[in-house]
Each structure stands twice: as structure tokens, then as C-alpha cells.
Amino acid sequence: MPETIRVSYGTAIAMGLIRAKLLARPTTAYLMTYWPGRCSNDCAFCAQARSSRADLEKLSRVVWPAFRLEEVLEGLKEGNFARICLQTIDYPGMVEDVFDLLEAFSDLKLPASVSITPVDSETLERFKELGVDYIGVGLDVASERLFKEIKPDLSWEEVWDFAERVVDVFGHGKALIHVIVGLGETDRELVDTVIRARELGADLSLFAFTPIKGTRLENMEPPSLERYRRIQLAEYLVSTGKEDAIVFDGDSIKGFRLLEDEVAKIPPTVFMTHGCPGCNRPYYNERPGKEPYNYPFPPRREDFEKALKFIL
Ligand code: SF4
């Protein structure tokens, strides 16, 4: 049984393990497997990657301090969480650690999600028996063209095949394909990725690229908020069968062909974090005080309308 586990900073505050002020309460407990070294893969954007020189406590812009598992099991009872989200990095024995951790969580009777690189279907079945109901699939790169360069240890088709097997084992909508906007992909590639995910019965979780010092992509810029809003709206349109309303100019989204009553029906949730039920992932990609890429709670009416006007 692992003795140590990483906990996202906000989750650790909500659990009472760190005394600090919470800007937005995480509704899910975000945890990560502990390993004293780096991940065995070398994803170019990732602080945990093999060749990264970034702080080992980081994933995206979030700090994940390590705690004793015992303390965390106690803390999980305090935080009023709707779900546990277990993030993994690759290292020898990781899958065994995940089995052990899921067993340790089982008394809490909370649904659990696991984000993991491709594993076989038997492992997925075992996760399901241990209370997992959603699987995060790290496609990350919405472009076959760029995939190998950014994620050299995995293959594009292997990840799609994994998403398909997750849907076979867990059911429709239970594979959450993670996609990072701003890794050099075109809008068209992003929309095609959303369509492919929907066609195989998976759901999609959008992230904004966040440059982390010490990673291969430390000097790349994050996407503009305007582009990110366009992609969020495009994702909504694909998921509601209205992808014909997306207007392209070459490979870029130029606008949207929507009637007034269709615009009135767009829900404010379009600009919120999209993940498993009970997930709000506050400040994962954004700095507090700035307009967030993904709102952790429904945006205020005026903020929502401003964001829509920005892109329509
Ligand atoms: S597999 Fe995950 S944790 Fe490992 S380098 Fe890639 S993104 Fe980071």
C-alpha cells in the first residue's frame, strides 16, 4: 500500500491539511499518485515529464504537495467532496498502486475517476469493481500531425483505441478525453477531434495550454481567451448536433451561423469546466483574479453575455 499521496493545493485546504484561504471550493478531491522521480513518459507540456526540470510538485499550474495516505483518508471525510479524481503519472508499479489506493478509498463510498495512460481492458474491469465510474483519457494533443512530437512515448491510435475500450467497459459518456487547446493544432483539427470523440461515445474535457518553466514548451504562449471561447462554443455545437453552424475560413473558425433563438438557448455552462459529474477544477489553467478559461461555477449572467458577444 502506498504510504504517500499527492493532493492538489486547493483540495488540501478543503481537507484541512493546509491552512490557507480558498478562492473557490473544489467540489471534487483531486489526488495524484506519489512517485519520488519523474513520469517515465516525456510529454512536452508536462511538469512531471522525464526530461522536464520543473518542480516535481507541479501539474499544470497547480501545486500538489505530498501527504501521508492516512491523513488524506481522514481529510477526505471532512471536505464534503462529491467525487475523488485520481491523477496518475507513469512509473513501475503504478497500476498496483492505483488498485491499492482505490481499495483504501472504498469505505468512503465516493465515486472515483482515474486519469491514466492506456491500460488493458482487464485492468479497466478491475477499476470498475473498485468503484471507478469515469476514466480520464490523456489524448491532450488534438492533432495527429503533432502528436508524436509532443507525446513521443504514446501513439495517436493507441490513445483512441484506449478511449474506445473505456467506452466498452464503462459505457457511453464515461471516457473523458482530455484535450489541451494551444499546442499548435488548428481549429479544424480540434473540431475533428471533438467529432471523433462524440462518434465513439466519449465525452471531452478542454484545458488551456499553460506554459510551465522547465518543460520543453516553456516558451510557448497560452491560447487567447477569444480562441478558447470559440472552441468551447464549437464543442457545444458538435455535442448538440449543430456542427454545421461552425463557419471555417481555411482551418480556422471564422464565426458561427446561428439564429437568434439558437443563441438564446446557449447555456452558461458552455464556458464552465467540463468533466465528470461533481468536477469544477478551480484555477487549474488560470490565475485568480483573471477571467477564467473554464469557470468553476456558472458565470454571472453579465459575464456570460460578455463572453458570447466576444465571439458572435
Ligand atoms: S503521461 Fe501524463 S504525467 Fe506523464 S509526462 Fe505525459 S502528461 Fe505528464
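## The eight-stranded sheet

Eight strands line up in an open sheet with mixed pairing, in the order E5-E1-E2-E6-E7-E8-E9-E10. Its edge strands are E5 and E10 (203–208), each of which pairs on one side only. Neighbouring strands here are turned against each other by 30° on average, direction ignored. A word on terms: strands (E, at least two residues) and helices (H or I, at least four) are DSSP runs numbered from the N terminus, and two strands pair if DSSP finds at least two bridges between them. Axes are lines fitted to C-alpha atoms, for helices over the stretch in contact, with angles from 0 to 180 degrees between N-to-C directions.

This is a predicted model, where local features need pLDDT of at least 70, side-chain atom pairs count only at pLDDT 80 or more, and totals for chains, interfaces and linings use all residues. Residue numbers start from 1 along each chain as its sequence is written.

## Who pairs with whom

Strand E1 (residues 4–7) runs antiparallel to E5 (residues 66–68), with three bridges joining them. E1 also pairs with E2 (residues 28–33), again in the antiparallel sense and over three bridges. Next along, E2 and E6 (residues 83–87) pair in the parallel sense over five bridges, with Ala29 standing opposite Ile84 in E6.

Helix H6 (residues 156–170) packs on this sheet, touching E8 (132–140) and E9 (175–181), and its direction makes about 170° with that of E8. Contact here means C-beta atoms, placed from the backbone, within 7 Å.

## A separate hairpin

Strands E11 (residues 246–249) and E12 (residues 252–256) run antiparallel, joined by four bridges. Asp249 stands opposite Ser252 in E12. Two residues sit between the strands of this hairpin, and Gly250 takes a positive phi near 65°.

## Around the ligand

The residues around the ligand are Cys39, Asn41, Cys43, Cys46, Gln48, Ala49, Ile89, Asp90, Thr117 and Gly138. A residue is near a molecule if its C-beta atom, placed from the backbone, lies within 6 Å of it. By class, that shell has five nonpolar, four polar and one charged residues. The classes go like this: Ala, Val, Leu, Ile, Met, Phe, Trp, Tyr, Cys and Pro are nonpolar, Asp, Glu, Lys and Arg are charged, and the others, Gly among them, are polar.

## Residues to look at

Most residues other than glycine have a negative phi. Asp140, in strand E8, has a positive phi near 65°. Asp140 is also buried, with 21 other C-beta atoms within 10 Å. For the cut-offs, buried takes 20 or more other C-beta atoms within 10 Å of the residue's own, exposed 12 or fewer, and partly exposed lies in between, with C-beta atoms placed from the backbone.

Asn80 has a positive phi too, near 55°. Asn80 sits in the loop between helix H2 (69–78) and E6, and counts as exposed because it has 10 C-beta neighbours inside 10 Å. Tyr293, in the loop between helices H9 (260–264) and H10 (301–311), is buried, with 24 other C-beta atoms within 10 Å. Tyr293 and Phe207 are 86 residues apart in sequence, yet 8.1 Å apart in space, C-alpha to C-alpha.

## The whole protein

In total there are ten helices and twelve strands. The radius of gyration is 19 Å, close to the 20 Å that the globule rule gives for 312 residues, so the protein is as compact as a globular protein of that length. That radius is taken over C-alpha atoms, and the rule is 2.2 Å times the number of residues to the power 0.38. Buried residues make up 42% of the 312.

How values were computed: Two residues are in contact if their C-beta atoms, placed from the backbone, lie within 7 Å.
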